Amino acid sequence: MTIRVLLADDQTLVRAAFAMLVESAGDMEVVGQAGTGREAVELARARRADLVVMDIRMPGLDGIEATRLIAADEDLTDVRVLVLTTYDTDENIVEALRAGASGFLVKDTRPAELLDAIRTVAAGEALLSPGPTARLIARFLRSPSAPATGGPECLSDREREVLALVGRGLNNTEIAEALGLSPLTAKTHVSRIMGKLGARDRAQLVIVAYESGLVTPGRM
């Protein structure tokens, strides 16, 4: 199946370069290019994109708010967002993940890595680097502007164990091995946790795991 990609960046040359790269892959096609967040939301609806490669900083409606609108739109439930940033220490990345993005990449990533990232996110997986993500979330939670959140009290003890492992970056197979479960059972637990917490994907589960204190920096 061909992955329908929408590119959102306010720099024309950056969009053109990414478009050439995406079109060079046999399993992808560019279905639109947006220079603002508002345009990205409109084109996501009009072009039925599978994935939006979203720059965080754009004029008017920025990439975070555009991501939030896409994630909240019932007609765009299957659309995934991969955010791009200049630095992997950008605290706006955490806000983008909270808004519904499935992962992030820095703009100077290698071409092959960008294509692999698009495939990963389009397949419904989260693209998170545990080290940078842990540092970002730790800084975010120390910020005076960070919202206070409660723990996931609605989860069972086993589900809390699973959530903690998701927060540490483990995939379903690794979670199964760590807890002595079958991969299918681990996957079922993750799906139930997402349903109970109203999480869009694993990226948001990572945020919840840190905000609730189930995972803390230094325990990666």
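## The model at a glance

What you have here is a predicted model, where local features need pLDDT of at least 70, side-chain atom pairs count only at pLDDT 80 or more, and totals for chains, interfaces and linings use all residues. Numbering starts from 1 along each chain as its sequence is written, and side-chain values use heavy atoms, with hydrogens and water left out.

The protein has 10 helices and five strands; these are DSSP runs numbered from the N terminus, with helices being H or I of at least four residues and strands being E of at least two. Of its 220 residues, 47% count as buried (buried is under 20% relative accessible area, exposed is over 50%, partly exposed is in between, using a 1.4 Å probe and protein chains only). Take the contacts with a separation of 6 or more: residues 24 or more positions apart account for 66% of them. Contact here means heavy atoms within 4.5 Å.

## The sheet

The five strands line up as an open sheet in the order β2-β1-β3-β4-β5, with parallel pairing (two strands pair if DSSP finds at least two bridges between them). β2 (28–34) and β5 (103–106) sit at the edges with a single partner strand each, so one side of each has no neighbour in the sheet. From one strand to the next, the twist averages 25°.

Looking at one pair, β1 (residues 3–8) is joined to β2 by six bridges, and the two run parallel. A8 has A34 in β2 as its bridge partner. Helix α2 (residues 37–47) packs on the sheet, where it touches β1, β2 and β3, and its direction makes about 140° with that of β2. Helix α3 (residues 63–72) also packs on the sheet, touching β3 and β4 (80–85), at about 155° to the direction of β3. For these angles, axes are lines fitted to C-alpha atoms, for helices over the stretch in contact, and values run from 0 to 180 degrees between N-to-C directions.

The unreviewed UniProt entry puts "modified residue: 4-aspartylphosphate" at D55; UniProt positions follow the numbering used here, feature names are shortened, and annotations may be inferred rather than shown by experiment. D55 lies in strand β3 (residues 51–55). It counts as buried because its relative accessibility is 6%.

Who does D55 touch? Setting aside neighbours within four places in sequence, D55 is in contact with A8, D9, D10, G63, L84 and K107.

## Helices α7 to α10

Helix α7 (residues 157–167) has E159, V162, L163, A164, L165, V166 and G167 as its buried residues. The elements covering them include α8, α9 and α10 (202–211). Just after α7, G169 takes a positive phi of about 95°. R168 is in the loop between α7 and α8, and is partly exposed at a relative accessible area of 24%. R168 and V206 are 38 residues apart along the chain, yet their C-alpha atoms are separated by 7.6 Å.

Helices α8 (residues 172–179) and α9 (residues 183–197) pack at about 110°, with axes 8 Å apart. That makes α8 roughly perpendicular to α9 (65 to 115 degrees; under 35 is roughly parallel, over 145 roughly antiparallel, the rest oblique). N172, I175 and A176 of α8 meet P183, A186, K187 and V190 of α9. By class, that contact has five nonpolar, one polar and one charged residues, where Ala, Val, Leu, Ile, Met, Phe, Trp, Tyr, Cys and Pro are nonpolar, Asp, Glu, Lys and Arg are charged, and the others, Gly among them, are polar.
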